[in-house]
Amino acid sequence: MKNNTLYVGGGMRPLLVLSLLPIIDGFCKRQNIQTIIFEKDTSIDFNSNVFYKSLKSKYKIKHLEKISINKISFLKFLFIGIFFLIFFFLSFFFKKNYLLNKKIKWIPKQILHSFWDAGIINNNNELDRVEFKSRIKSCLQISKKFLDFKILKSNNVNYAFLCHLVYSERFLFALLRSINIKTYRFNGQIIIKQEKNFDRDSKFLDKKIYKKSIKIISKKKIEKYWKNLQNGFSKNEEVNFAAKIKSKKKKYKSTNINVIMLHIFKDSSFDDIDIKRIFPDYYSWVVETLKIVKDSKETWILRKHPSADRWGENQKKIINDIFNDVFDGKKPQNIFFEENSRSNMKQFKISKRIVTYSGSSHLEAACLGIKPIVISNVGLIKFNKNLVFKPKNLSEYKKLLLSHNKNHFLLSKGQTILTKRIIFLLQN
């Protein structure tokens with residue numbers, strides 16, 4: 001009988017690893033796994049844990065950071081050095097629009113996303129290009145992931161539990177799948193089996209679960225949760241924060257108010273890669289959107305992300321810099337940046353359009369009867385494409401942003417009831 005090996009990593013924090021130990025044990029029994037390789041050596045922290053003791057008695061435990069090649073450390077540095085030079089050289093030929101090129105195959109595209117992702121988060125200032133120091137750091141991180149892949153491959157790993165699938169980790173994720181290692185993602189307390197040529201994420205709800213829920217979860221319970229959510233008492237921390245913001249009175253010239261829900265610019269949008277999106281990243285989306293709405297006679301608000309401060313991201317400065325670049329220092333009077341002027345719910349109730357790249361705000365908007373505009377795949381579009389607008393090209397996007405038909409952006413009562421159940425199921 002074949003002996004199998006499981007890898008547990010992807011930047012998984014020790015407490016997450018600890019919570020997974022009973023599941024790892026059951027998985028190893030079922031798949032006849034004899035060896036477990038953890039990314040980090042946390043044995044000192046875990047030695048007193050009953051599940052870890054049990055695991056050590058049943059399986060051979062290894063740690064990636066200590067395996068084989070570390071015995072001859074100069075080979076490790078030589079290996080990383082060679083691949084760093086290769087990646088560093090190739091990085092100068094990279095263009096952001098490659099991320100949207102449909103001719104590039106799936107695995108190479110994963111690698112391109114990994115480089116761009118790692119580059120932006122390693123940058124000090126820029127959001128539209130990879131800075132030189134960041135290029136060096138990102139290529140070093142990617143080279144290290146390539147070494148990790150080689151070590152895992154040489155240790156006959158055929159299963160992997162990963163946590164993060166973004167930044168340099170996506171490169172390792174792509175390499176593992178390229179040789180058919182069965183990969184699972186642990187996200188939001190859910191374990192999701194990944195496919196070789198597309199990503200699965202916990203923000204997408206299986207229709208079977210929805211149908212089953214109708215029999216066991218009452219409409220009354222759904223409505224109660226929705227009411228609590230609006231008051232800032234849900235299972236989502238960011239939603240709660242945005243719901244509890246105290247409103248300030250502010251008047252606008254136009255009664256037609258539209259909201260662009262900002263994301264954290266350095267946060268990755270690539271948990272799952274939508275190859276049909278029309279913008280490569282958050283920055284390009286905001287810039288191109290502003291170029292369109294400057295010709296609108298309606299009010300447009302760019303709403304600060306509730307977690308921006310916790311990320312250390314000064315969104316007011318970022319948006320003002322974008323205003324200067326796009327409008328040459330002459331910002332139109334119909335466009336505003338708002339920093340916590342009112343709660344999400346109160347903002348949505350007075351708004352005509354809600355525009356988001358791929359944020360959970362599309363769910364809240366739909367629950368309030370607004371058909372949101374999204375750029376990348378979101379939970380509702382996977383469930384029912386008629387619940388959101390997802391433009392196929394820039395021309396279609398422009399028509400949506402400049403449309404004067406208010407009824408065009410309304411959902412029916414039945415559709416809002418459906419979305420309230422979806423948000424309950426996703427958050428619970």
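Let me start with helices α11 and α17. Helix α11 covers residues 282-293 and helix α17 covers residues 394-402; their axes come within 10 Å and cross at roughly 55 degrees. The model is predicted, so local features need pLDDT of at least 70 and side-chain atom pairs count only at pLDDT 80 or more, while totals for chains, interfaces and linings use all residues. Residues are numbered from 1 along each chain as its sequence is written, and side-chain values use heavy atoms, with hydrogens and water left out.

A few terms. Helices (H or I, at least four residues) and strands (E, at least two) are DSSP runs, numbered from the N terminus. Axes are lines fitted to C-alpha atoms, for helices over the stretch in contact, and angles run from 0 to 180 degrees between N-to-C directions. Angles under 35 degrees count as roughly parallel, over 145 as roughly antiparallel, 65 to 115 as roughly perpendicular and the rest as oblique.

α11 and α17 are therefore oblique to each other. Their crossing is right-handed, meaning that the near helix is turned clockwise from the far one by less than a right angle. On the α11 side, Trp285, Thr289, Ile292 and Val293 meet Leu394, Tyr397, Lys398, Leu401 and Leu402 of α17; contact here means heavy atoms within 4.5 Å. The residues of this contact divide into seven nonpolar, one polar and one charged.

Next, Arg353, in strand β10, residues 351-356. Is Arg353 buried or exposed? At 0% relative accessibility, Arg353 counts as buried (under 20% relative accessible area is buried, over 50% exposed, in between partly exposed, with a 1.4 Å probe and protein chains only). The Arg353 side chain makes a polar contact of 2.8 Å with the side chain of Asn258. A polar contact is a pair of N or O atoms within 3.5 Å; within protein, one must be able to donate a hydrogen and the other to accept it, and residues adjacent in sequence count only if both atoms are side-chain atoms. A polar atom of the Arg353 side chain also lies 2.8 Å from the backbone oxygen of Leu400. Leaving out residues up to four places away in sequence, Arg353 touches a list of residues including Trp300, Leu401 and Leu402.

Asp272 sits in the loop between β7 (257-261) and α11. Asp272 has 4% relative accessibility and therefore counts as buried. Its side chain is joined to that of Lys203 by a polar contact of 3.1 Å.

The axes of α6 and helix α7 (residues 169-178) come within 9 Å and cross at roughly 30 degrees, so α6 and α7 are roughly parallel. This crossing is right-handed. Ile142, Lys145, Phe146, Phe149 and Leu152 in α6 meet Glu169, Phe171, Leu172, Leu175 and Leu176 in α7. That contact has eight nonpolar residues, no polar and two charged.

Cys139 lies in α6, residues 132-154, and at 1% relative accessibility Cys139 is buried. Which residues does Cys139 contact, leaving aside neighbours within four places in sequence? They are Phe84, Phe87, Phe88, Ser91 and Phe115.

Last, two loop residues. Asn156, between α6 and β4 (157-162), has a phi near 60 degrees, a positive value in a residue other than glycine. Asn180, between α7 and β5 (182-187), has a positive phi of about 65 degrees. Asn156 counts as exposed at 56% relative accessibility, and Asn180 counts as exposed at 55%.

Notes. Ala, Val, Leu, Ile, Met, Phe, Trp, Tyr, Cys and Pro count as nonpolar, Asp, Glu, Lys and Arg as charged, and the others, Gly among them, as polar.
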